[in-house]
Amino acid sequence: MRPKDLAVSHEDTIIWVSGSIGFDKIPSIFEGSPTMKVVTGVIGNDIHVVANRLMDLSLNARGYEVFNLGVNTHLEEFFDAAVETGADILLISSLNGEAEGWGREVKIHKAKYKSLDGLTMMIGGNLTVGSGNADDIVPRFKNYGFDLVCHQIDLNTGLDMLEAHLQEKLQEESQA
Amino acid sequence: MSQLQEEREIILGNENVDSFDFDEVREFVKGADEQLFISHHFDTKDKMLVQPRGGFPTYEKQFALYEFFVDANVDVLPLTIDSNTRLNDYTTAKKMLRLSEANEIDMLNGYPLVNHGYRSTRKMMTHFNHPVSLRHGTPDARLLIEIAIASGIFEIEGGPITYLLPYSKNFPLDKAFLYWKYVERVCADYSTLNKPINRESFGPLTATLVPPSITIVIQLLEMLLSLEEGVKSFSVSFAQQGSMIQDIVTGKVTRALAKHYAAQIGCEDAAIHLVYHQWMGAFPTNRDSADQLINMSTVIASMVGADKIITKTREEAVGIPTKEANAQTVANTQYTLNILGGLPAIVDEQEEEILTAEVHAIMEAVFNDPADTLWRKVFNSIKSGVIDVPFSPHIINHNEMITIRDAQKNIRIIKRGNVPIPDRCFEYEKSCCDLNKDTTSIVNDIIQDIGIMQ
C-alpha cells in the first residue's frame with residue numbers, strides 16, 4: 001500500500017520549511033564563513049521519505065542550515081525556496097527515477113532568478129527508471145545544470161563530495 | 001431526514017454510482033449470512049485468523065485469487081483497492097479498468113470497487129461466503145465504504161491518522177477526521193442490523209522505527225474515535241517491530257490499555273481485537289530468506305496472542321505478488337500455526353511498566369488539550385508534536401522524535417521532541433543505547449536499523 005501522494009490543494013501547501021531534526025550541532029567546517037544554507041527535498045510525485053529525513057539529520061550534523069521541503073516537491077518549489085531562503089546549495093533527491101523527466105527544465109526555471117547564479121546545484125539518489133549506469137547518467141545531469149551528480153552513491157560519500165566541492169569553490173572565490 | 005442521511009445521499013449521488021438503493025442494501029445487510037462477518041468469526045473461533053493482502057483490477061482475476069486463497073484454507077479474504085480510487089479519482093480508475101479488461105496487462109494495483117459497483121461485487125462476496133476485509137489507504141473513504149458494505153464487505157480498515165500520516169504529504173488532516181467520522185457513523189448504523197461491522201486501525205504506520213508508545217497511542221485514539229460514534233467491534237493492530245520481547249510487551253500493553261480506555265468512555269460492551277502484521281519494513285530480495293522471515297513473524301504473532309495475522313509474501317521485495325505466492329504464504333502460515341504448541345508465557349514487568357507509563361503520559365496530554373471534541377484534541381496534539389510519527393512524509397508531522405535500536409533490536413527513543421515521554425522513561429530508553437558517537441555514526445546506525453531484515 002503506497003499510493004502516490006494526494007495532490008489536494010490546501011492552505012498548508014505554501015512553501016513549508018521544517019526546522020532542524022539534528023540533535024547535536026557540530027561547528028561548520030567552513031571556519032570563519034557564515035553557515036551554509038541548503039534547500040533539499042524529493043522531486044516529483046515521489047513519497048520516499050526515509051532518505052530525505054536522514055539527509056536532513058546528516059546535513060544538520062555537518063553544520064548546514066537546512067530547509068527541507070520534504071517529499072513530492074515540484075521543481076518550481078525548489079527554486080522559489082532557494083530564492084526565499086537565500087540558499088547556497090540546492091540538493092534535490094529522487095528515488096523513483098522521476099528526476100530524469102524533470103531535469104530538462106532545470107535551466108529554464110533557474111534562469112528566471114538572477115540571484116541564483118551562484119547556487120551550487122546537486123542531485124542524488126536513484127536517477128533513472130530501470131537500469132542505467134553512472135557513466136551515462138552523470139554527464140547527462142551535468143548538462144541539465146547540476147554541479148554534482150550522485151547516482152546510487154551512499155549518503156555520507158555524497159555529502160563528502162559536496163564539502164570538497166564547496167571548499168574548492170571558496171578557494172577560487174578568495175583567489176579571484 | 002437526519003443530517004447523516006442527507007450527506008449519504010449526496011455522496012451516493014456520485015456519477016460513478018449506478019443508482020444506490022438504500023432500502024435494498026439495508027435488507028441485504030440485515031439478512032446477510034453470519035459467515036460474512038469477521039466479528040462473528042472473532043466471537044466463535046479459537047484460532048488466530050489468517051488474512052493475506054491482495055487486489056487485482058478485473059472481476060475475473062479477483063475471483064481467481066479468491067479461489068486460490070480458499071484452497072489454501074484462508075480465514076479472511078482481502079480486498080485491496082487501487083491507488084486511483086484511494087485518491088477518489090474514479091475516472092482514471094474506470095479508464096484503467098477498461099484497459100485491464102481489454103488487455104492481459106494489469107493497469108491498476110488493486111480492485112476499483114466503486115467502478116465495479118456493489119451489485120456485481122456482492123455476487124463474488126456471497127459466492128465465497130468468507131469474511132472480507134477492505135484494505136485501501138483512502139483519506140476520504142465515504143463513497144468507498146458505502147459500496148463495500150453494500151457488497152458484503154463487513155470489515156473496514158483505516159482511520160484518519162493511520163491512513164494519512166504514512167501516505168500523504170499535504171492532505172488536510174482536519175478534513176480526514178471529519179470524513180472518517182462519517183465512516184464510523186455508517187458502520188455503527190449498519191451494526192445495529194445484524195452482527196457488527198468491524199473497524200480496524202492500521203498500526204504499522206510508516207513501518208520505519210516507530211516506537212511502540214506512539215503506535216499504541218494512535219491505536220487507542222482511533223479506537224476511541226470509532227467507539228464514540230457507536231462502533232461495537234474494533235481491531236487495534238501493530239506490525240512486527242524487530243525484537244520478540246518488544247512485540248510481546250506491545251501486545252500485552254495494547255490489549256490492557258484498549259480495555260482501560262474503552263471503559264473510560266463507557267464502551268465496555270465493544271469487542272476489541274488484536275491484529276498482528278508480519279514484518280512491514282524493507283524485505284529481503286532472496287525469496288527463501290523472505291519465507292524464513294514470514295515464518296518467524298507467525299511464531300511471534302502466536303507469542304503475542306494475536307486474534308488475526310496479516311501475511312506478506314516471498315515476493316514482497318519484487319513487486320505485486322502473484323496469486324500463487326500469495327496463497328502459498330496462507331498455507332504456510334496455517335501450517336505453522338497448527339504445529340506450534342507449548343508456547344511459554346513470557347513477561348517483562350519492567351518493560352511493560354515503562355511502556356504503560358509512556359502511553360498514559362501521552363494520552364493525558366492529548367486529553368488535556370483545551371479543544372471541545374476528541375478529534376480536535378487529537379488534531380491539535382499532532383500539530384503540536386505531542387504525537388510525532390518517525391518518517392511520516394506529512395507536513396503536519398513534527399519529525400522531532402529520533403529512534404534507534406538497542407543491542408536487543410528494541411526500538412528506543414533517543415530524542416523525544418515535544419512528545420511528553422516521562423523523564424524516567426526517557427532516561428531508561430537512552431540508557432539501553434550506546435550514544436557515545438557522533439551524529440554521522442548514529443545516522444549510519446539508523447540506516448542499519450531500518451534495514452535489519454534485508
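Residues are numbered from 1 along each chain as its sequence is written, while chains are lettered from A and ligands numbered from 1 in the order in which they are written. Because the model is predicted, local features need pLDDT of at least 70 and side-chain atom pairs count only at pLDDT 80 or more, whereas totals for chains, interfaces and linings use all residues.

**View 1. The open sheet of chain A.** Five strands are arranged in the order E2-E1-E3-E4-E5, with parallel pairing. Strands (E, at least two residues) and helices (H or I, at least four residues) are DSSP runs, numbered from the N terminus; two strands pair if DSSP finds at least two bridges between them. At the edges are strand E2 (65–68) and strand E5 (148–151) of chain A, each pairing on one side only. From one strand to the next, the twist averages 15°. Six bridges link strand E3 (residues 89–94) and strand E4 (residues 120–125) of chain A in the parallel sense. Ile89(A) lies opposite Thr120(A) of E4(A).

View 2. Residues are in contact if their C-beta atoms, placed from the backbone, lie within 7 Å. Axes are lines fitted to C-alpha atoms, for helices over the stretch in contact, and angles run from 0 to 180 degrees between N-to-C directions. Helix H2 (residues 75–85) of chain A lies across E1, E2 and E3 of chain A, at about 160° to E1(A).

**View 3. The two domains of chain B.** Domain 1 covers 3–339 and domain 2 covers 358–450, with bounds from an automatic or database domain assignment. Their centres, taken over C-alpha atoms, are 27 Å apart. In the contact, 35 residues of domain 1 of chain B meet 31 residues of domain 2 of chain B. On the domain 1 side, helix H10 (173–191), helix H11 (212–227) and helix H12 (244–264) of chain B each supply at least two residues. H11(B) gives the most to that side, with ten residues. By class, the domain 1 side has 21 nonpolar, ten polar and four charged residues. Ala, Val, Leu, Ile, Met, Phe, Trp, Tyr, Cys and Pro count as nonpolar, Asp, Glu, Lys and Arg as charged, and the others, Gly among them, as polar.

**View 4. H10 against H16 in chain B.** The axes of H10(B) and helix H16 (residues 374–383) of chain B come within 10 Å and cross at roughly 150°. H10(B) and H16(B) are therefore roughly antiparallel (angles over 145 degrees). Leu173(B), Asp174(B), Phe177(B) and Lys181(B) of H10(B) meet Trp375(B), Phe379(B) and Ile382(B) of H16(B). The residues of this contact comprise five nonpolar, no polar and two charged.

**View 5. The open sheet of chain B.** Eight strands follow the order E1-E8-E7-E6-E5-E4-E3-E2, with parallel pairing. Strand E1 (49–51) and strand E2 (77–80) of chain B are at the edges with a single partner strand each, so one side of each has no neighbour in the sheet. The twist averages 25° from one strand to the next. Strand E5 (residues 198–200) and strand E6 (residues 233–239) of chain B pair in the parallel sense over three bridges. Asn198(B) has Ser233(B) in E6(B) as its bridge partner. H11(B) packs on this sheet, touching E5 and E6 of chain B, and its direction makes about 165° with that of E6(B).

Key. Two residues are in contact if their C-beta atoms, placed from the backbone, lie within 7 Å. Angles under 35 degrees count as roughly parallel, over 145 as roughly antiparallel, 65 to 115 as roughly perpendicular and the rest as oblique.
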